[in-house]
Amino acid sequence: MHKIDDQLAKVTARIHQAATAAGRNPQTVQLIAVSKTQAAQALADAYAWGQRAFGENYLQEALAKQIQLAELTDIEWHFIGPIQSNKTRPIATHFSWVHSVDRLKIAQRLSEQRPAELPPLNICVQVNIDDETTKSGVSLAELPVLVGAISQLPQLRLRGLMAIPAATNNPAQQRAAFAKLRSALESLNGQGYGLDCLSMGMSGDMEAAIAEGATFVRVGTDIFGARPTASADQ
Ligand SMILES: *Cc1c(COP(=O)(O)O)cnc(C)c1O
């Protein structure tokens, strides 16, 4: 438990330092603790430290943890994994945010299935920023049309863009990829969309992402340690 406290404190300090170095208010960067493959107790430990936003990739696993942690009513659940169309209803019901929307059909289903008594579901559109054939995400070329269509859906609130760039340890390359996502957001905002979120940056590249304007960083390994089943990652 103390280990998770220490790691959260370290990650928070890195966020603070990166934001300050970029001339940004650290409060404008929100940490999402990516808790895929972690037991509910690890999330409860992070919660006790003060963490409230958690990111999950696998629906069944996430729902099981939500039941175990049901008493922690102010957890904010973010769905960040690939979405199959037959899984949209529980996602629309049990999450506040979805960062991984890359097809109109999925967005339409999430909007139709979002329960009317809940506020609109917050959405980030996932962009395949490096045009990797194996990766999820809409291409930059197709992004404006998808954003235009999603912005019309009544039970969704389109908030911004998400990306997972090609892995590299080179800070300049990391920044170049994140800069592409930032300029895509700026160009959409030039058309009047008013998007306020850039979901980018993980354990290995959060500083570069913050330098390029990340408003959410999604950090797993540097909080909870290495995951047991790395092969299950995207
Ligand atoms: C697993 C995952 C993360 C966290 O990655 P780490 O390298 O463990 O920090 C962030 N975003 C997404 C979409 C993920 O699947």
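R182 is partly exposed, with a relative accessible area of 26%. The model is predicted, so local features need pLDDT of at least 70 and side-chain atom pairs count only at pLDDT 80 or more, while totals for chains, interfaces and linings use all residues. Residues are numbered from 1 along each chain as its sequence is written, and side-chain values use heavy atoms, with hydrogens and water left out.

The side chain of R182 forms a salt bridge with that of E212, at 2.6 Å from N to O. E212 is in the loop between α8 (206-211) and β8 (216-219) and R182 is in helix α7, so the bridge ties together parts 30 residues apart in sequence. A salt bridge is a side-chain nitrogen of Lys or Arg within 4 Å of a carboxyl oxygen of Asp or Glu. E212 counts as buried, at 7% relative accessibility. Salt bridges with shared partners join R175, R182, E186 and E212 into one network.

## The chain as a whole

The chain has 9 helices and 8 strands. These elements are DSSP runs numbered from the N terminus: helices are H or I with at least four residues, strands are E with at least two. For 234 residues, a compact globule would have a radius of gyration near 17 Å, and the chain agrees, with 17 Å. This radius is taken over C-alpha atoms, and the globule rule is 2.2 Å times the number of residues to the power 0.38. The C-alpha atoms fill a box of roughly 45 × 40 × 35 Å along the principal axes.

Of the 234 residues, 50% are buried. Contacts (heavy atoms within 4.5 Å) can be sorted by how far apart the partners are in sequence: among those between residues at least 6 apart, 59% join residues at least 24 apart.

## Surface and charge

The accessible surface comes to about 10700 Å², and 52% of this surface belongs to carbon and sulfur atoms. Accessible areas come from the Shrake-Rupley method with a 1.4 Å probe; for residues, only the protein chains shown count as cover.

There are 21 positive and 22 negative side chains, and the centres of the two sets are 2 Å apart. Lys and Arg count as positive, Asp and Glu as negative, and His and the chain ends are not counted. Each charge is placed at NZ of Lys, CZ of Arg, CG of Asp or CD of Glu.

## Other salt bridges

In the whole structure, a search finds 12 salt bridges. One of them joins the side chains of R52 and D74, at 3.1 Å from N to O. This pair links distant parts of the chain, 22 residues apart: R52 is in the loop between α2 (40-49) and β2 (53-56), and D74 is in the loop between α3 (59-68) and β3 (76-79). R52 is partly exposed at 29% relative accessible area, and D74 is partly exposed at 42%.

A further salt bridge joins the side chains of R159 and D196, at 2.9 Å from N to O. Here too the pair links distant parts of the chain: R159 is in strand β6 (residues 156-163), D196 is in the loop between α7 (171-190) and β7 (197-199), and the two are 37 residues apart. R159 is buried, with a relative accessible area of 13%, whereas D196 is partly exposed at 39%.

## Helix α5

Helix α5 covers residues 104-113, and I106, A107, L110, S111 and Q113 in this helix are buried. The cover over these buried residues includes α4 (88-94), β4 (97-101), β5, α6 and β6.

Q108 is also found in helix α5, but Q108 counts as partly exposed, at 32% relative accessibility. Q108 and Y193 are 85 residues apart in sequence, and their C-alpha atoms are 18 Å apart in space.

## Two positive phi angles

Most residues other than glycine have a negative phi. T37 is not a glycine, yet has a positive phi of about 70°. T37 sits in the loop between β1 (30-34) and α2 and counts as partly exposed, at 22% relative accessibility.

D131 also has a positive phi, near 50°, and is a residue other than glycine. D131 is in the loop between β5 (121-127) and α6 (143-150). At 58% relative accessibility, D131 counts as exposed.

Technical notes. Buried means under 20% relative accessible area, exposed over 50%, partly exposed in between (1.4 Å probe, protein chains only).
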